[in-house]
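Trainee: Could you walk me through this model, step by step?
Mentor: Gladly! Have a look at it here, and then ask away.

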Amino acid sequence: MSGSIADAISFFRLSCGRWRSQRSSHHLLHRRAEAGGSFIEVVELEAADPRLEAIAVLHGQDPAGLVGGCRVRWSGSMAWDKAGEAHEGESVFGLIPTDERGRCGLLLRDRGYAETAPVAGHFAMDDRDGLLLTTSYETMNSLERFSFAGPDVRLRTSTVEGLSNTASFCVETRIVDGAATGTGDEAEATGAPASPETTCLSALGW
């Protein structure tokens, strides 16, 4: 993408819409690679959204510090899935910057992905406008980096260390069909996949 991304909330706004994700995960313990695919839907939430304020209170943070957030829905599959196994869900997260530029801070979620309990992670943007997310769970730690290769192409690398050690690479392409942005109701009305992502041990699921 040309130009710079000013802050983390701008990065998330650029990520709103519907995406198709292709993932390659390397399981270090098994020394095997696994392919997967998913659909992801990201919808922006305003800072005053009651869902975000509730998450801030849940994590013991002042809702006044919120600059916004997103609702994410995902649906995907992986090569090693058993018959009838599916990976889908929904989560809401909010951003509270801890610097004046809004390029680092807390990312609060109503549920995690490696574990389903509410979890707080940290975000930071690097000097190439990539977004780094770090999350510590009881049994594992995850590190992800998101970056844009263009307005409709996003790249993601992630590592998970703990009971399950994996390294993953994702290429995500925006679905441009008139329902790529908005509240998500349009996708439901057209019968398109309502959401996205894979078994990913992802900090965000998108």
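Trainee: Over how many bridges do β7 and β8 pair?
Mentor: First, a word on the source: this is a predicted model, where local features need pLDDT of at least 70, side-chain atom pairs count only at pLDDT 80 or more, and totals for chains, interfaces and linings use all residues. Residues are numbered from 1 along each chain as its sequence is written, and side-chain values use heavy atoms, with hydrogens and water left out. Strands (DSSP runs of E, at least two residues) and helices (H or I, at least four) are numbered from the N terminus, and two strands pair if DSSP finds at least two bridges between them. β7 and β8 run antiparallel, and their bridges number six.

Trainee: Which residue of β8 does Leu133 stand opposite?
Mentor: A hairpin with three residues links β7 to β8. Across that pair, the residue facing Leu133 is Glu144.

Trainee: Which residues make up the covered face of β7?
Mentor: In a regular strand the side chains alternate between the two faces of the sheet. In β7, Leu132, Thr134 and Ser136 form the uncovered face, while the covered one holds Leu131, Leu133 and Thr135.

Trainee: Which residues have the most contacts inside the largest nonpolar core?
Mentor: A nonpolar core is a set of buried Ala, Val, Leu, Ile, Met, Phe, Trp, Tyr and Cys residues joined through side-chain atoms within 4.5 Å; buried means under 20% relative accessible area, exposed over 50%, and partly exposed in between, using a 1.4 Å probe and protein chains only. The largest such core has 20 residues, and α1, β2, β3, β4, β6, β7 and β8 each supply at least two of its residues. The most contacts inside it belong to Phe12 and Leu131.

Trainee: In helix α2, which residues are buried?
Mentor: The exposed residues Pro50, Val57 and Leu58 sit on the face turned away from the buried side of α2. The buried ones are Leu52, Ile55 and Ala56.

Trainee: Within what arc do those buried residues of α2 fall?
Mentor: Think of the directions from the helix axis to the C-beta atoms. Seen down the axis, the buried residues of α2 line one face of the helix, because they fall within an arc of 100°.
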